[in-house]
Amino acid sequence: LAPKVPSLCFPSDINECETIPDACKGQMKCYNHYGGYLCLPHTAEVFPAPEPAITPTVTNPCPLGYESQGDSCVDIDECERDEHDCQPSQQCINSLGAFTCQCPDGYRKVGTECIDIDECRYRYCQHRCVNVPGSFSCQCEPGFQLAGNNRSCIDVNECDMGAPCSQRCYNTYGTFLCRCDQGYELGPDGFACNDIDECSYSSYLCQYQCVNEPGKFSCVCPEGYQRQGTRLCQDINECETGEHQCTDTQTCVNIHGRYQCVDSNRCQDPYVQVSENRCVCPVNKPLCRDLPFSIVHRYMSITSERSVPSDIFQIQATSVSPGAYNTFRIRSGDENGDFYIRQINNISAMLVLARAVSGPREYTLDLEMVSVNPLLSYQGSYQTSSALRLSIYVGPHTF
């Protein structure tokens, strides 16, 4: 309830010179004036000013912050009447009998001034806090983004947002990693995947030739070979597959990477053919006296640049007379000394490649076995010989 208004009274002057006995002592004379009196010598002259007209003063009978309305006191809204002392940045809030000056959000009142609150001091943000006048903002480290509360930071899945990985992307907490498919390696920038040239790492990946391809490598074989598995090369036997062009009077001989057509009858006069690959020189022919009794034809092939010395063909006697001893030699075809004979025992010897040879090239060697039997001769030793005519084809490729 508003306080009631009290009754009004107006004061009047009291003449102390009349009401106070002996107001002035000695020879002093009492002079009354409004609100008091003076004691002056009798010789003093006083010129009293005209008394001011007494006008009644109106006083507020209500408590501070109220005004009277009839018999009641009503609160004064200083904010509405602009009768406050709030700063322009402050908001005036009316209250009963008074008012308060309120600072905007983000400020606190110090005296009559509003001072910015540094919210970052209170660790409102999970990662980084940036104070601004009257407020603050939260920021996240790279790889994170603000959550819905604008304070917490959640991980960003860069792989779903277009991470610059050229092949595979793996999201991790706060960042991401790029990885490459098999056959590729990660570049210096950490994003691009560069092809690995496997062929440059080793010369043993393929038996013949390595071909680098994007993300992998493959092995190729030369003409006349087919790939066995993924790395080895196997000779194609054209004589068995029928991929040759030999005539009915020729025999197909398979060699490394190709084939050779040879005459089915390779016996030259005075020799006569007695089987598919064997020629005999009859003893009744005078020309046969100084020639091997028989010649057997054989064929083989070797690769180029074969390591040397290398055993390549073994000669084995098929029949030996009792008491005979045998020697082996290269009768013809080795004018450059690329081969030599290493005798193993009385009935066998080994043809050895003495020097590395390159192909394609063909050798025809007559390997002779000379048999001497003292028991079959009454005047000197009995001697006979047989030859193996070996055709050696040197392939064009090295394995």
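Predicted model: local features only at pLDDT ≥ 70, side-chain atom pairs only at ≥ 80, totals over all residues.

Mentor: Helices (H or I, at least four residues) and strands (E, at least two) are DSSP runs, numbered from the N terminus. Residues are numbered from 1 along each chain as its sequence is written. Local features need pLDDT of at least 70, side-chain atom pairs count only at pLDDT 80 or more, totals for chains, interfaces and linings use all residues, and side-chain values use heavy atoms, with hydrogens and water left out.

Trainee: Which residues does UniProt list for "domain: EGF-like"?
Mentor: The entry is unreviewed, and such annotations may be inferred rather than shown by experiment, with positions in the numbering used here and feature names shortened. The record lists residues 75–115, 116–154 and 195–234.

Trainee: How far apart do the end C-alpha atoms of residues 116–154 lie?
Mentor: This span is 0% helix and 41% strand. Its end C-alpha atoms are separated by 29 Å.

Trainee: Which residue in the hairpin of β9 and β10 takes a positive phi?
Mentor: β9 (residues 128–132) and β10 (residues 135–139) pair in the antiparallel sense over 5 bridges; pairing requires at least two DSSP bridges between two strands. Val132 has Ser135 of β10 as its bridge partner. The hairpin has 2 residues between the strands, and the positive phi, near 80°, belongs to Gly134.

Trainee: Which strand supplies the largest share of the lining of the largest pocket?
Mentor: A pocket is an open set of points on a 1 Å grid over the protein atoms alone, where a 1.4 Å probe fits, with protein on both sides within 12 Å along at least five of seven lines; lining residues have an atom within 4 Å of a point. The largest pocket is lined by 29 residues, with Ser294, Thr318, Ser319, Met369 and Ser386 nearest its centre. Strands supplying at least two lining residues each include β25 (294–302) and β30 (361–373). The largest share, 6 residues, comes from β31.

Trainee: Which residues lie nearest the centre of the second largest pocket?
Mentor: β27, β30 and β31 each supply at least two residues of its lining, and β31 gives the largest share, 4 residues. Of the 18 lining residues, those nearest the centre are Cys288, Arg289, Asp290, Leu291 and Gln383.
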